[in-house]
Amino acid sequence: MSIRPATPGDIAAMRSIEAQAGTGTRWSEQAYQRIFSGNPPRLALVFEDNDVQGFLVASQLGPEWELENIAVVPHVQRRGIGSALLTHFIAVFKDHGGMSVFLEVRESNAAARKLYEKHGFVEAGRRRDYYHNPAEDAVLYRKTGIPPLKNPACG
């Protein structure tokens with residue numbers, strides 16, 4: 001098992017995983033090709049265990065990042081793959097001097113929301129009726145790269 005940077009050769013596996021992801025983000029072949037164009041700078045990771053079982057894509061705009069997509073093959077979900085990808089991404093984000101990461105998730109995606117909260121993301125807003133088929137709000141999450149300072153007066 002390993003996490004490594006994705007390559008254009010992983011696009012077919014990434015698209016296959018995305019297609020199995022229920023209400024996940026749907027990208028075109030061209031959108032996947034743009035991941036590797038460098039504009040905007042993106043980080044794409046894959047989790048492998050003999051074959052690609054999950055992936056994560058994030059874009060960088062200076063010190064701010066957006067987590068654009070994370071998906072895991074359904075039959076291996078709830079085994080820590082999404083968490084491992086997110087942990088790896090957060091380490092890279094911090095190593096690159098990232099100040100904050102933003103993401104959006106379907107309001108009904110309780111498993112994803114729990115995963116993000118476990119990794120220190122906090123709810124930061126909402127986009128009404130952002131998703132379609134079915135219509136649903138997007139919940140916005142944010143994580144900062146620097147942990148908040150403790151208030152010395154509060155101990």
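**Exercise 1.** Leaving aside its neighbours within four places in sequence, which residues is alanine 6 in contact with?

*Solution.* Some ground rules come first. This is a predicted model, where local features need pLDDT of at least 70, side-chain atom pairs count only at pLDDT 80 or more, and totals for chains, interfaces and linings use all residues. Residues are numbered from 1 along each chain as its sequence is written, and side-chain values use heavy atoms, with hydrogens and water left out.

Step 1: apply the cut-off. Contact means heavy atoms within 4.5 Å.
Step 2: list the partners. With neighbours within four places in sequence set aside, they are Met14, Phe36, Ala44, Leu45 and Val46.

**Exercise 2.** Is alanine 6 buried or exposed, and is alanine 135 buried or exposed?

*Solution.* Step 1: recall the limits. Buried is under 20% relative accessible area, exposed is over 50%, and partly exposed lies in between (1.4 Å probe, protein chains only).
Step 2: alanine 6 has a relative accessible area of 11%, so it is buried.
Step 3: alanine 135 has 59%, so it is exposed.

**Exercise 3.** Name the residues with the most contacts inside the largest nonpolar core.

*Solution.* Step 1: define the core. It is a set of buried Ala, Val, Leu, Ile, Met, Phe, Trp, Tyr and Cys residues joined through side-chain atoms within 4.5 Å.
Step 2: the largest such core has 41 residues, and Leu56, Leu86, Phe89 and Tyr116 have the most contacts inside it.
Step 3: helix α3 (residues 81–95) gives the largest share, seven residues. Helices here are DSSP runs (H or I, at least four residues), numbered from the N terminus.
Step 4: check leucine 56. Beyond four places in sequence, its contacts include Leu85, Leu86 and Phe89.

Definitions and conventions
Helix = DSSP H or I, 4+ residues; strand = E, 2+ residues; numbered from the N terminus.
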